[in-house]
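Colleague: I would like to learn how to read a protein model feature by feature, going from the general idea to the particular case. Could you take me through it slowly?

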2 protein chains.
Amino acid sequence: MVNEKRNSKGKNETAFGELTEAEWAIMKVVWEHQPCAAGTVQDALATERGWAYSTVKTTMDRMVDKGLLKINKVRNLQLFSSQINRTQAAKGEFSKMLSRAFDGAIAPMVQFLVENENISEEHVKELRDIVSKTGRNK
Amino acid sequence: MVNEKRNSKGKNETAFGELTEAEWAIMKVVWEHQPCAAGTVQDALATERGWAYSTVKTTMDRMVDKGLLKINKVRNLQLFSSQINRTQAAKGEFSKMLSRAFDGAIAPMVQFLVENENISEEHVKELRDIVSKTGRNK
DNA sequence: TGACTTATTCTACATGTGTCGAATATATTC
DNA sequence: GAATATATTCGACACATGTAGAATAAGTCA
């Protein structure tokens, strides 16, 4: 039941690496501390989110069901580790955004970026630098 | 009740221009045909989605409640129009992606773009072109 | 060992979203 | 004007997600 995509008819297509808001918050902590216990994650998100332990634990258990996290049990302790890395998650998030908002085309997105206050002059410059500094890309 | 953001405690922050998957599909048709009837939208999405009329109508009514669409009644006909434009919607989608996957920083995102197969050589070129062709921005 | 401190399990509930069918109201057309 | 085609309104249901309390199991320490 790991990482399946139940789409019997427009249900929910769980594309590889699609995280919800809460999942992102948790995943970020896991990437940083894995393998780690639910309590550790809760502590890390204490101020930022103020979630109860059970909230964090429930969500993490659900993430295990989805194949996003895995558990390594040590005595009575459950140590969680991620099953996807940040790049994969970022890719999923980026792809979703791209297909929804720009019909999957990157050029329009960059156009949008440059035309909107969304991106500052410094960022335009960064973009320019990064893009030009990158020679042939694999 | 238009465009409010009920966030009494980590509830759901309906940021201006945050659309769900179904809403995006509908919104795209509306942007193209507005003002238009629900039936028109259904027809347009017939092959692509195969939604029943009521599915489309229900979703559109909910979008009206959220302030995403507005209705102009002509006799017994309801003509829908969007309350946000594509740029606003794109901005919302982009921002969400950026904060989730890149902690809100554009530079890392571009870096990611360049480093991943997510972006083909042609795209890198497009990127380069667009970025360099754009002189001082605003 | 008993008190105290975690962890884990289970159960639950509210709201959002995807999806419709049935009933009803309006038009259109012969 | 009756039959037919359209729209609108309502109510519903399933599943996902956010959020958490209560009960229980285990480990720690004086």
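**Reading the model**

Modeller: In S2(B), B:Leu77 is the bridge partner of B:Val74, where helices (H or I, at least four residues) and strands (E, at least two) are DSSP runs, numbered from the N terminus. This is a predicted model, in which local features need pLDDT of at least 70, side-chain atom pairs count only at pLDDT 80 or more, and totals for chains, interfaces and linings use all residues. Residues are numbered from 1 along each chain as its sequence is written, chains are lettered from A and ligands numbered from 1 in the order in which they are written, and side-chain values use heavy atoms, with hydrogens and water left out.

Colleague: How many bridges join strand S1 of chain B to strand S2 of chain B?

Modeller: Two strands pair if DSSP finds at least two bridges between them. Here 6 bridges join S1 (residues 69-74) of chain B to S2 (residues 77-82) of chain B, and these strands run antiparallel. The hairpin that they form has 2 residues between the strands, and B:Arg75 takes a positive phi near 65° there.

Colleague: And what is found for strands S1 and S2 of chain A?

Modeller: Strands S1 (residues 69-74) and S2 (residues 77-82) of chain A pair in the antiparallel sense over 6 bridges, with A:Asn72 opposite A:Leu79 in S2(A). In the hairpin of chain A, which has 2 residues between the strands, A:Arg75 takes a positive phi near 60°. Along its sequence, chain A follows the pattern α-α-α-β-β-α-α-α.

Colleague: At what angle do the axes of helices H1 and H3 of chain B cross?

Modeller: Axes are lines fitted to C-alpha atoms, for helices over the stretch in contact, and angles run from 0 to 180 degrees between N-to-C directions. The axes of H1 (residues 21-33) and H3 (residues 53-65) of chain B come within 10 Å and cross at roughly 85°. H1(B) and H3(B) are therefore roughly perpendicular to each other, a label for angles of 65 to 115 degrees.

Colleague: Which residues of H1(B) and H3(B) meet?

Modeller: Contact means heavy atoms within 4.5 Å. B:Ala22, B:Glu23, B:Ile26, B:Met27 and B:Val30 in H1(B) meet B:Val56, B:Thr59, B:Met60 and B:Met63 in H3(B).

Colleague: Which residues have the most contacts inside the largest nonpolar core?

Modeller: A nonpolar core is a set of buried Ala, Val, Leu, Ile, Met, Phe, Trp, Tyr and Cys residues joined through side-chain atoms within 4.5 Å, and buried means under 20% relative accessible area (1.4 Å probe, protein chains only). The largest core has 64 residues, and A:Met109 and B:Met109 have the most contacts inside it.

Note on methods. Parallel < 35°, antiparallel > 145°, perpendicular 65-115°, else oblique. Buried < 20%, exposed > 50% of the residue type's maximum accessible area, 1.4 Å probe, protein only.
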